[in-house]
Amino acid sequence: MTSRLVLPILVAICSIVFGKPALSSLAVLGEISISGTMEP
């Protein structure tokens, strides 16, 4: 397992959990660490 959660996967999981689609104009670049640090 990696120490980083890829941000698009996090957006997809939240979309499924909340039952709401992500915005069609959303562009996700970068990644987020498990501790919550954003990295480009």
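Which residues make a nonpolar surface patch of about 500 Å²? The patch is formed by Val-6, Ile-9, Ile-13, Val-17 and Phe-18, where patches are made of residues with over 30% relative accessible area and no salt bridge, like charges being joined within 9 Å and nonpolar side chains (Val, Leu, Ile, Met, Phe, Trp, Tyr) within 5 Å. A salt bridge here is a side-chain nitrogen of Lys or Arg within 4 Å of a carboxyl oxygen of Asp or Glu, and accessible areas come from the Shrake-Rupley method with a 1.4 Å probe, with only the protein chains shown counting as cover for residues.

The model is a predicted one, in which local features need pLDDT of at least 70 and side-chain atom pairs count only at pLDDT 80 or more, while totals for chains, interfaces and linings use all residues. Residues are numbered from 1 along each chain as its sequence is written, and side-chain values use heavy atoms, with hydrogens and water left out.

The protein contains one helix and three strands, arranged from the N terminus as β-α-β-β; helices (H or I, at least four residues) and strands (E, at least two) are DSSP runs, numbered from the N terminus. Of its 40 residues, 10% are buried, a term that means under 20% relative accessible area, with exposed meaning over 50% and partly exposed lying in between (1.4 Å probe, protein chains only). The protein exposes about 3,400 Å², of which carbon and sulfur atoms supply 69%.

Helix H1 covers residues 7-18, and its twelve residues reach 16 Å from the first C-alpha to the last, close to the 16 Å expected at 1.5 Å a residue, the expected span being 1.5 Å times one less than the number of residues. An α-helix has 3.6 residues a turn, so residues three or four places apart point the same way. Leu-7 and Leu-29 are 22 residues apart in sequence, yet their C-alpha atoms are 7.6 Å apart in space.

Towards the other end of the account stands Ser-15, likewise in H1, whose side chain has a polar atom 2.6 Å from the backbone oxygen of Lys-20. Leaving aside residues up to four places away in sequence, Ser-15 touches Lys-20, Pro-21 and Ala-22, contact meaning heavy atoms within 4.5 Å. Just after H1, Gly-19 takes a positive phi of about 70°.

Note on methods: Polar contact = N/O pair within 3.5 Å; in protein donor to acceptor, adjacent residues only side chain to side chain.
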